[in-house]
Each structure stands twice: as structure tokens, then as C-alpha cells.
Amino acid sequence: MKVPREFYKGPKDIPHEEELSPGAPLCAGCGGLMTLRLMHKVLGENVVIVNAAGCMTLMATYPYSPIRSSWLYTTMGSVAAGAQGIRDALDIRRAKGKLSEQDEMKVLVLAGDGSTYDMGLSATSAAIHRRLDFWYLCYDNEAYGNTGFQMSSASPFASRTTTSPIGQQEPEGTFQEKKDMFELWRAQKPPYMATVSSHEVVDLAEKVKRSMAIKGPKLFLALAVCPTGWGFDPRMGDELAHLAVKTGIWPLKEAVDGVVRHTLIPSRFLPVEEYLRPQLRFRHLFEPAPHTEAMQAIQQKVDRYWEQVRKDEPAASPALNRGTSGT
Amino acid sequence: MRFHGRGGHGIKTASRIVGTAAFLAGYEVQDSPIYGAERRGAPVTAFTRIASSAILERGVITQPDLIICGDETLLESPASGVLNGVEQAAALFINTRNLEAIRAQGKLHVRMVALDITQRTSDRIGKASALSVGLGAAAARLSGLISCEQLGEGVRTELEELGLDAPMIEKNLLLAQEVYAELETVTVEPRKFSATAVIHKMGYDHVLLGTPSILAPGNAEARQTGAWRVERPEIDYDSCTRCGLCFVHCPDGAIALDEQGYPVIDYDHCKGCLICLEQCPRHSIRSKKEVRSW
Ligand SMILES: Cc1ncc(C[n+]2csc(CCOP(=O)(O)OP(=O)(O)O)c2C)c(N)n1
Ligand code: SF4
Ligand code: SF4
Ligand code: SF4
Ligand SMILES: [Mg+2]
């Protein structure tokens, strides 16, 4: 099931202009970069990116930057406050007649999961509360990537990170559940929020475009495939992003004023194994012996999620009823 | 000893393999990597100190006995510092099949040892970029301090730590033995180091010096990330249907569409992730091993 397209019929309709120059020092195959590139294409060139320390910060390492728009670097916890400062400054310039309408800028927060789920949560909550007019892109690579892939509260259950290694006491590695950031944000009923995938480019572009008609906080959560931290061959990056959607692990949805609808539901769900197996961070679930219990727990959580969607969004049910889960 | 390579080559692991092997052989050991704010493909340096008594030195090694260079293209990049202190080094090891060409340039006055680690790695492991074991084995052999068995222990310990599976570790062990057997130990003359402490007085500078601004938007275009490439995607225009998927999915925006809508790869910047190849529905993109990336 796909919601009807409003702006882009297919990938070819996504703007051809590149807003970022090539030559960024990020890993080959970085899903975070891919997501930013697509989002920036739709937002257009007049953007001020406010970035929280993380992998993406490397883009603006002196003296080079692939950013053709503007960029401000902030600490991990204060990125939404930084966005407020920029928005205020732009508004003051507008009011004083120093910034014309055509030079108006959009403020885009670019933050990792460490900033979003952990350190910057309260500043973002405050910005949503103030109805700050901004975009927020969390590229979620599910750990503190830049500093060597330490666990964050976005790290999924049973993934290995450098601070949740596989041990006798913790055979799953990360034993905590991934924080449900979407629901935390949604509790404040922001005017627009969505999850996106770098594989589903049209779904992503449509959502960004839809958000552009809306004033106030517009929040995006992107699963950002990370070959370096997750341990897979970069060429598999897009396929892995696809598998995250096809297994139901990464649901694609949006919420307008807190009301949720799913925007793309696979006609058949693949078993979660297909997504987990190619990644080194989940290798211990398969070798030396299969860790059936953990795998079942992951599958059950996904199944329960979609069970609930079936109840909450009956319109999407036909697609869901056709689906078979992996267990 | 000092190791040089690019992010993703396994340079840090190479230095650790030697360090761990030497430690298991009863030596005092120190190993550490250093890299800048860049990722896979950017120059990386790592250091291993091995001694029979406590090591009190810290920090970078400016006068190495052995230099292990995992990527010959770094020899031409002064910023990567491969040749720092080369004059006093007992040997410079280069991962290359072109030693004669490098010699013929006549620029390097040091004993040079070469072996094509990339080829051997590719043959044994099927991946040309994971050079850690081959380089570690070369360093272990050249040093003359580590037996082949101790090297094997070092390889096993480090690769297990990285979470590699057993068959992969076995392949790497064979690779280590192969490289070890093909090289010979070089003689490292003991050197005396002396240092005098100097107190540097720190002054104050204007605060803006610590908060640099980049005033040339999009100037990263001047950085040729194409040099990172290990594999090179090539488009077969006869079968390409101009669907545009490769263009949309390239993370780096290194593919443009020409006036007729055909994709054109920007080899100055393509990092060789091969996502385009995987996404092409027509299989019109093939990969070739990159020889010289730029
Ligand atoms: C308050 C604070 N603590 C720690 C750091 C060091 N640090 C820099 S980047 C980073 C990782 C950020 O993780 P995430 O937000 O997930 O982004 P990623 O690196 O994964 O892109 C850390 C811990 C910091 N800059 N500020
Ligand atoms: S570590 Fe992951 S998120 Fe960071 S630059 Fe590399 S691929 Fe991107
Ligand atoms: S290999 Fe990667 S960086 Fe190069 S053109 Fe293809 S998708 Fe882009
Ligand atoms: S994805 Fe393949 S068929 Fe489509 S434009 Fe690229 S090379 Fe051509
Ligand atoms: Mg992260």
C-alpha cells in the first residue's frame, strides 16, 4: 500500500539540481549523507543547516565544505536552541527589511540519534513547545557513530556496539529496547512529523514537499544505514535500507498534528532475519549458534507493532491482512 | 614502527596485530592510531612500539625503524607523512607490484622492501581493501621479533575481537603465514635517543582563530574523494535505459544526468561504494578493480 503521490510520480521527478557539492569526507555509502542530499534537493538551496556534533559535522571540517547553503555547528544538546537563534535572527532581518522574501531561508536541524534521542531531547521538546518554524532531520545510525559507535538509546535490542559488546552476562549485546522517538515527539502533537528511508526516495521527497506548506516544527526521523558502524559492504547500503522497510522494522509513516497514517506498507513482510543477517552488529544472533530467543523477540515486537496498525488504521488493513510475518 | 594507509584498509588493526603478537611474545608494547576528521579512504597512520623494557615514550613516532606503507599512492602525498624520518629507518615496506617503477624515480634513499599485499589479500579473502593482516604479517616478519606462531595468535586475537567468523579468521591466518614466509627479516640497528625538556610558553590569540569559518560554499568539490576508490563502477550505455535510479541513489551526488538523460559518473569524486551498481535494474553498471584512481 502506498498513499497517493501528490508531487513526484517517480524517482526521475525528484529535482536534478544538487544542493551539496561532492567531495564530502563521509564514508563511502553513508546513508545519512544520502538522506540529507535528497531532503536538501526538495527544500531547495536557501537553507541554514544547524548541525549537532556527529558524523555529519565532518562535512564542514575547515577548510572544505560541500554545503552550498549555510551551516552552523552546535553542541550535541543545544541544536534546537541553535535553530531558534537562527530563526529569530532571520525574522529580525526580515522585519527590518534586510532580507527579501526570495532570500528567505529555511532552518534545518541536522542531528544524529545521540543528539536526538539522548542529549538534545529536552531542547527539541522546548522548540516544539514554542512552535518554532523549522525542519529537523535526525539521521539515525543507531549509535554514537562519530566517536566509534557507542550505544545510544536508539541502538536496537540485540545489536552490538562498542559499549554493549557480546559477553556472558549480556549475550545479546544491547539488552535495552530502542527508544520510540516518534511517539515521544508525537506526544507534543507537532504539526508535521514523519519517518523516512533513503531507499524510498519518492516517499521521502513527498513528505518533505508536504511539510513545506506547514508552519511550525516539521520533524523527520530517517533510518541512516551505516556501513562502518553496522558492518556491511557499502554496496549493500540501499538494499539494507529497503530490507528495513520490507521486514517491517522501519515503518514509514507521518503524523499531522499528532494523527498518524502509514504511507507505505509492504504487501508481504519478510522475516526480520533477512535484515539482521547481513550486519556484523547482529552476527552473534546467527553464529556460532543461532540465538533463537532474541530473534523471536525482535520478530514479535515487529508483529505486535503491525497488529496495532491494523487496528488503528483500518483503511490500511487490506495490505496488512495479505501480509505474512516471518514467524 | 609506523603504519600508513587509508581509512578502511585496516591500518589500525595492522598495528594492533603486531602489537598483540609482540605482547604475547613477552615484549612491552604500545600501539595507537591517529586519524583526522575523515572517513574511509582518508590517510590514516598507526604506531607500534616494541621494547624489552618499559616504554616511557608517548605520542607519534617521528623516527621509525620500520615504515609500513599500505598504499603506494600515499608516497606522493606529503601531507600523509609516510616519509617522515625515512632517512634513519632500517626499511620502508611498500604494498605494491610496482617497486621497480618507484625505485626508478630515484627519490627514496632507504632500503625498500615490497610485496603485493593487495593481490594476496584479494586472492585469499576475496576483498582487496582489508589489508590489516597482510601488513601486520609483513611488519612482524621484517621486525625479526615475532615468530610465525606468535603472529598467528595476534591475528586470531584481533580478528576475534572484531567479531569475524571462524572461516574468515582461518583464511586470514593462511594469508599471514603466506606473507610471513615470503619476506625476510631486516636488521634494525639499536639507536640511542636523547631528549631535552623545553618549556614552551603559551600565549593568547584572538578567539576567532579557534572558530574557523568557511567562506567558499561547496568548495569540497576541490577534494578528490575519487582517490578513495577501490572498485570503479562503469556504465554500459548500450543497455542503459536512462531510468535515473543510479543518479538518485548515489549518496555523494557523483552521478549527473546529461542532456539526453544518460548518467555520467564523476570519477574525481565517486568513492566506489557501488550502490549504483546494486540499484541498476538493467545491470548496466559493472565494477572493475581500480588501478589508479585519479
Ligand atoms: C556533550 C558532548 N558529549 C560528547 C561529545 C563527543 N561527540 C562528538 S560526536 C559524538 C557522537 C554523536 O552521535 P550521534 O548524535 O548519534 O551522531 P553520529 O556520530 O552517529 O552521526 C560524540 C559523543 C560532544 N561533542 N558533546
Ligand atoms: S560512520 Fe556511518 S554515519 Fe558516520 S559517516 Fe560513516 S557511514 Fe556515515
Ligand atoms: S560507486 Fe557510489 S559514489 Fe560512485 S557513482 Fe556509484 S553510487 Fe556514486
Ligand atoms: S540505473 Fe542503470 S539503467 Fe538506470 S540510468 Fe543508471 S545505468 Fe542506466
Ligand atoms: Mg548516531
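Me: What makes up the shell around ligand 3, by class?

Reply: Eight nonpolar residues, one polar and one charged. Keep in mind as we talk that this is a predicted model.

Me: Which residues surround ligand 3, and how do you know that they belong there?

Reply: They are Pro233(B), Cys250(B), Pro251(B), Ile255(B), Cys270(B), Lys271(B), Gly272(B), Cys273(B), Leu274(B) and Cys276(B). A residue counts if one of its heavy atoms lies within 4 Å of the molecule, so each of these residues passes that test.

Me: What is around ligand 4?

Reply: Its shell has Cys240(B), Thr241(B), Arg242(B), Cys243(B), Gly244(B), Cys246(B), Pro263(B), Cys280(B), Pro281(B), Arg282(B) and Ile285(B). By class, seven are nonpolar, two polar and two charged.

Me: Where does ligand 2 lie, and how do you know?

Reply: Ligand 2 lies between chains A and B.

Me: How do you know that chain A and chain B are in contact?

Reply: Contact means heavy atoms within 4.5 Å, and therefore the count speaks for itself: 46 residues of chain A meet 43 residues of chain B. About 3,700 Å² is buried between the two chains, with carbon and sulfur atoms giving 58% of it. On the side of chain A, Pro22(A), Tyr64(A) and Arg235(A) supply 19% of the area buried against chain B, more than any other three residues.

Me: Why is an area used to describe an interface?

Reply: Because the size of an interface is often given as the accessible area lost when the parts come together.

Me: What separates the two domains of chain B, and what do they bury?

Reply: Domain 1 (2-182) and domain 2 (225-289) of chain B have centres 33 Å apart, taken over C-alpha atoms. Nine residues of domain 1 of chain B touch four residues of domain 2, and the two domains bury about 460 Å² between them, 69% of it on carbon and sulfur atoms.

Me: How do the axes of helices α5(B) and α6(B) cross?

Reply: The axes of α5 (residues 148-161) and α6 (residues 166-182) of chain B come within 10 Å and cross at roughly 145°. The crossing of α5(B) and α6(B) is right-handed. Their contact has eight nonpolar, three polar and three charged residues, including Leu151(B) in α5(B) and Leu173(B) in α6(B).

Definitions and conventions. Residues numbered from 1 in each chain as written. Chains lettered and ligands numbered in written order. Predicted model: local features only at pLDDT ≥ 70, side-chain atom pairs only at ≥ 80, totals over all residues. Heavy atoms only, no water. Nonpolar A, V, L, I, M, F, W, Y, C, P; charged D, E, K, R; others polar. Axes fitted to C-alpha atoms, helices over the stretch in contact; angles between N-to-C directions. Helix = DSSP H or I, 4+ residues; strand = E, 2+ residues; numbered from the N terminus. Left-handed = near helix turned anticlockwise from the far one by under 90°. Domains from an automatic or database assignment. Buried area = accessible area lost by both parts, 1.4 Å probe.
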